[in-house]
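Here are my notes for your first look at this model. Keep the structure open while you read.

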Amino acid sequence: MSKYIKLNTDRSEAIKSFLKELLENDKISSVLSLRKHKNGKVDYGLTSSVDLLDNIEPFYPYMPANAGQLMGRFTPMEKPIAAIVKPCEFRAFVEMVKREQVKRENFIVISYSCGGVYPLKINATQEIDEKLADYQQQVADQEIPAGIRSSCTGCEHINPLETDIFISVSGETDNNLKAYLRTDKAIDLIEFWHGQPEDKEFDESSLEKLLLKRKEAKEQLFAEVETKDTGLDGLIDIFGRCIGCHGCNSVCPICYCTLCDFDSFNYDYNRQILEKELEQKGALRLPPDTLFFHLGRLSHMSFSCVGCGMCSDVCPANIPVASVFKKIGEATAEMFDFVSGRSVAEEIPVMIYKEEEFPELGE
Amino acid sequence: MTEIPQKGVLLNSENGIQNSILEFLKTAAEKKVFDAIMLPMKVPSGDSFAWIMIKDMALLDNTTPLAPIMPVNAAKAVKRFTRKGEGRNKVAILIRPCEVRACVELSKLNQIKTEDLVIMSYDCPGALPMQDYIKDPEWGDSEFKKLLSDNIWNSDIVKPVCKFCDKFSLPASDLHFGRENDRLLLMANSEKGIDFISEMKLEANEELDNWKKGIGEITSKRISIKKETFSVIKNKVEGLDNLLNTFSECIGCHNCQSACPICYCRQCYFDSVVSKPNSDIVLMRAKQRGGVSLPLDKLMFHTGRMAHMSLSCISCGLCSDACPVNIPVAKIFSYVASETQKTFEYTAGESFGDALPMKEYKPEELGELGDLVNSAGIQEGDHE
Amino acid sequence: MSDKIGIYVCECGPNISSKVDIDRILEELAALEDFKDKELVVKRHKLLCSVAGKAYLEEEIKANELTHLVCAACSPRDHDSTFKEVCKKAGLNPYMYKLVNIREQCAWVISDKEKATDKAIQYIHAGMDRVLYQEPLLEKQLDSNPDVLVIGGGIAGIESALTLAGKNRLVFLVEKSAELGGKSVHFQKLLPRQGINADTINRKIKEVNKNPYIKVFTTTELNKIIGFLGNFEIVLKNNKDNSETELLAGAVVLATGYQNANPQDFKGYKYSKEDDVYTALEIEKMYKETSQISLKSGKAPQQVALVHCVGRKEVGYCSKICCNYLIKISDYLKGISSEIEIIDLYQDMCLPEKEDQEYYEKIAAKGIQSQRITAVKVAGNQLTYTGINGSETTIEPDMIILAPALVPAADNAYFAELLNIELHETGFFQEAHIKINPVSTNTDGVFVVGANRGACGISDAIIQAQAAAGKVLTQLIPGQKIIPEVMVSEILEAYCTGCKNCLDVCVFGAIYFDEERGISVVNEAICRGCGNCVGSCPSGSIRTRHFTNPQIYQEVKEALRKC
């Protein structure tokens with residue numbers, strides 16, 4: 001049973017003061033969150049000084065990097081770090097825990113029902129600040145704000161059950177803090193909230209209105225990447241513009257390989273091999289394997305895709321990578337009854353061996 | 001400096017530069033002057049271009065020899081083809097001067113072999129920003145057509161690096177297509193080029209003086225623009241505060257490094273284990289100033305990349321094209337590169353024969369740095 | 001097995017103990033915050049490098065089952081290897097230990113005892129951080145190869161081969177022309193006693209051919225060589241049929257000789273094939289083959305001018321042997337006819353050996369007009385010389401014999417690059433030290449003998465050959481083992497893109513390029529661990545064992561912490 005804390009203070013202020021107390025009382029070593037600088041720029045940072053916690057912007061609608069990727073690189077520590085991140089970032093973190101890249105105990109995670117982020121090109125400058133008031137209103141009204149990342153419009157995973165603390169934001173008519181303490185770790189820190197705890201679970205049905213709209217938007221996104229036929233022609237239509245920069249896998253929180261297979265020796269072809277292809281097919285696209293890279297990445301990680309949309313945002317050729325990966329990811333994951341980032345205990349399908357599996361394929 | 005050819009071949013250009021060049025290449029293919037040729041082709045979705053190595057010459061009609069955009073630097077494409085192993089096809093490529101310069105640098109780094117490669121280039125009017133083209137390919141095609149047909153050299157719609165490019169003509173290629181208004185002049189720039197022209201049964205009888213003069217005038221204008229651009233960018237990045245500010249938007253995606261033709265490392269140093277320190281080190285750094293930006297060392301990635309590759313930077317601008325947050329990487333790196341290259345009296349991409357400063361040992365070098373040390377009052381043997 | 005780190009602070013007699021507070025060092029080290037969950041043994045000793053000290057250390061390592069060792073003592077230049085040996089005896093891999101210098105770097109340079117102690121603690125702490133990242137490295141033993149490669153079949157090479165060859169040591173004698181003997185085979189007589197060449201040089205050549213331990217390769221040149229003393233990998237190439245031979249040897253003796261300068265390269269010498277102007281070597285050959293010295297017309301000369309010091313000013317050194325051989329040629333001439341007028345023109349006379357003066361006087365007594373001059377011009381058969389009083393005289397002798405400067409052979413630069421040895425500014429090979437190490441070079445295992453290191457005669461060549469042989473005999477003992485360096489570089493092949501930056505900066509030739517995989521690879525037997533390649537790789541894909549980035553970083557980070 002979650003403990004529920006309600007405060008009559010602005011949720012940003014409440015979180016700041018909670019984190020300050022945690023830091024002052026040595027419960028955490030530092031805080032990982034978005035921060036705003038004097039020059040108006042917003043980035044992710046690790047804050048270890050109580051005073052500098054004044055600069056954090058926990059709910060800012062911007063994602064310069066998927067924080068799950070940043071969290072996924074921490075080696076074991078004595079004291080945990082408190083991280084306030086968006087649901088998809090937390091889910092990515094969970095996927096990294098499953099892959100032995102980081103320990104769950106490293107972090108006390110605060111997440112919330114996120115309204116979406118603005119694309120990178122808008123930048124953390126005045127433009128977002130100007131839109132902020134409208135954005136917050138639309139989140140309160142459970143409308144999808146205009147101009148956010150397309151992948152955010154279709155995101156249905158805004159209630160991550162395994163975070164330590166969950167802040168209800170979407171649909172809340174005021175900006176006051178409503179926090180659900182879901183784990184023992186979070187409950188142990190109750191005293192630092194200075195409020196009266198109740199026994200209460202988060203009412204999922206309160207998100208229904210928004211989720212319906214999000215589902216529609218998701219169908220729309222999936223329809224946009226639907227190809228006319230199955231097979232290579234359709235895929236080339238979508239990925240034809242790819243320049244092979246691998247920016248998508250660079251920013252993807254799930255792609256954790258030190259050296260991607262597609263950048264390694266295995267795809268460094270000898271000229272004779274390429275000339276043989278050239279002679280057999282009459283023509284050869286260079287650099288080779290542009291499409292193959294995407295197919296490979298799909299098969300390697302799509303079922304763990306958290307739909308954060310970093311990939312589409314960084315793509316210099318405006319390819320809707322996130323929509324494709326999310327669509328295929330969800331379809332593949334469904335085959336295994338798997339949902340990416342839902343629970344640390346839920347094993348990655350490719351790591352589980354079952355003697356009897358997909359008998360229908362055998363038939 | 002490449003030897004400037006004395007005379008050229010005047011090619012028929014009634015149907016426009018693109019078509020003339022395509023006809024010429026078709027003839028060359030028929031005469032089997034080359035076995036395969038790499039040219040840009042529009043992708044099926046019609047909104048971008050890709051490099052295609054063609055052996056079946058019937059496909060030549062599907063190519064656009066002079067592409068409006070440069071999504072991939074040709075040197076990167078050629079590198080994948082020639083780095084390892086011997087070939088049996090004589091290959092020709094038709095690429096922009098900056099791409100030729102990238103090929104020159106990569107060949108010095110043992111990434112491109114030029115033995116059975118014929119490099120052709122052309123007077124480049126510039127390239128449009130890739131994203132602008134993708135958003136409206138029809139507009140892009142028609143604008144680029146105008147650049148060629150109307151001989152525009154001061155266009156506003158080309159990439160920022162193209163606006164100040166003073167090396168848009170006659171790089172260290174084997175053959176070059178010069179444009180003098182609507183005249184198309186083919187000139188040989190090497191032994192291979194001379195052989196090519198004679199295999200085509202053509203004779204170089206056309207005077208090139210007018211063309212050289214025209215190119216010279218445009219080049220002078222571009223040099224002034226370059227000076228101005230650099231002084232503006234210098235103010236933007238000079239000093240640590242300005243540098244930090246300019247790169248503060250950087251999200252550390254490393255797209256600039258992936259798109260750069262010169263960055264040839266299989267794994268960038270800044271993606272290696274050094275970018276993944278233990279938690280205790282990260283926390284120590286956070287403690288030093290009360291906080292630290294994540295991912296770590298975004299600025300050091302840029303200054304490190306400058307240290308590693310600015311001596312070979314050929315200002316193709318792919319880095320800026322690839323940047324998702326609109327940092328003017330190409331301008332900044334071009335400016336820094338012009339300074340570092342000047343220090344070593346080296347011009348990247350100019351000639352296959354110039355040794356890379358990094359690979360050359362000179363017992364006496366950079367004497368002025370010794371003077372700097374002396375003037376700083378540091379004496380040998382000083383200790384606490 | 002959990003880590004157990006032993007830290008031993010040496011008093012070094014009073015050297016360290018009087019200048020730093022060792023008690024405080026031990027106390028603070030034992031209480032270090034970041035080592036509190038590691039097992040530490042922290043002790044002191046009077047003198048670790050003494051017999052008793054070493055025995056103590058060995059016992060401590062064994063008894064405490066140490067996995068890592070830090071010794072805080074003197075400079076590694078003094079005792080790094082000492083304690084490495086102790087580790088080996090105690091069964092601890094010698095690369096799991098670190099010697100921290102708190103004598104030269106703390107006790108001896110900081111007068112304030114507190115500050116010196118602070119610094120010592122900081123440095124030892126840094127060493128402890130480093131040692132935790134060190135990895136055990138296995139030393140390999142290679143059999144040192146006692147055989148010797150001698151390049152050059154002239155008198156210096158022949159003498160080297162004869163002195164060195166024996167039952168346990170083969171000599172490979174490589175000569176690029178078809179015959180052994182070099183230039184000295186062309187001399188009819190040898191100085192100073194006028195011995196007949198056949199008895200000396202030719203006899204030596206016969207001995208070489210008979211010797212079962214000398215393998216002679218004529219019309220053969222050195223094509224490739226990599227390695228170091230005791231372990232050279234060699235490829236020879238036959239220049240007639242292009243066949244290759246691969247060999248192993250432990251040392252290289254370079255005896256490639258010299259060449260005579262072309263007098264017409266110097267100002268003031270102009271003549272054609274038709275003129276009776278000869279170099280001394282041409283006269284020697286003529287005399288040996290025909291027992292005559294004749295003009296082009298076939299007649300014997302009546303007036304012969306001998307010109308010393310041809311090109312000496314230009315090359316900047318005296319060629320040492322010419323004065324003597326011109327006297328010998330005078331003797332040849334007088335033997336043909338006592339009436340021949342010999343005009344002997346020298347700018348300086350060089351007769352350094354103990355019998356040279358006597359020899360000169362004996363021959364001069366037969367009637368030679370020796371004259372000191374300051375300048376000379378030869379135009380065809382016309383010779384103009386300037387005497388020391390400044391007056392010019394022109395003569396037209398029947399025959400002019402020139403003694404040109406001895407200059408470096410054309411392939412000196414090629415060998416310098418191939419063998420990684422240096423050239424003197426004159427172009428001759430540079431010996432390791434002109435006085436005290438005159439036949440060694442800056443590369444271990446490579447020796448230079450004979451006229452390729454400077455003008456010299458046959459006696460000198462033989463002396464040097466014997467000297468180099470002496471060096472080889474003491475440095476390359478048959479049956480001896482060599483331990484190649486283990487702190488060598490390795491290239492992470494998964495990351496290499498074959499740009500060859502590392503290959504270009506490697507001065508030892510220890511990196512080769514694998515064409516098939518398109519990557520560079522370190523030859524660990526040749527690598528000396530200098531680390532040049534590590535710095536040259538932009539992707540950071542090369543590491544030097546025992547000097548990896550984490551190891552260095554850990555030590556530096558701690559050492560600079562309070563800065």
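1. Start with a term: two strands pair if DSSP finds at least two bridges between them. Helices (H or I, at least four residues) and strands (E, at least two) are DSSP runs, numbered from the N terminus. Strands of a sheet pair through backbone hydrogen bonds, either parallel or antiparallel.

2. The model is predicted: local features need pLDDT of at least 70, and side-chain atom pairs count only at pLDDT 80 or more, while totals for chains, interfaces and linings use all residues. Residues are numbered from 1 along each chain as its sequence is written.

3. Go to chain C. Strand E3 (residues 68–73) runs parallel to E4(C), and 5 bridges join them. C:Cys71 faces C:Leu99 in E4(C).

4. What is the strand order of the open sheet in chain C? The order is E2-E1-E3-E4, with parallel pairing among the 4 strands. Strand E2 (39–45) and strand E4 (97–101) of chain C are the edges, each pairing on one side only. On average, neighbouring strands are turned by 15 degrees against each other, direction ignored.

5. Now the helices. Helix H4 (residues 76–90) of chain C packs on the sheet and touches E3 and E4 of chain C. Contact means heavy atoms within 4.5 Å. The direction of H4 makes about 155 degrees with that of E4(C). Axes are lines fitted to C-alpha atoms, for helices over the stretch in contact; angles run from 0 to 180 degrees between N-to-C directions.

6. Helix H2 (residues 22–30) of chain C lies across strand E1 (4–10) and E2 of chain C. H2 runs at about 175 degrees to E2(C).

7. Last, chain A. A:Thr153 lies in helix H5 (residues 150–153). Among the residues that A:Thr153 touches are A:Ile144 and A:Leu221, not counting residues up to four places away in sequence.

Terms used: Chains are lettered from A and ligands numbered from 1 in the order in which they are written. Side-chain values use heavy atoms; hydrogens and water are left out.
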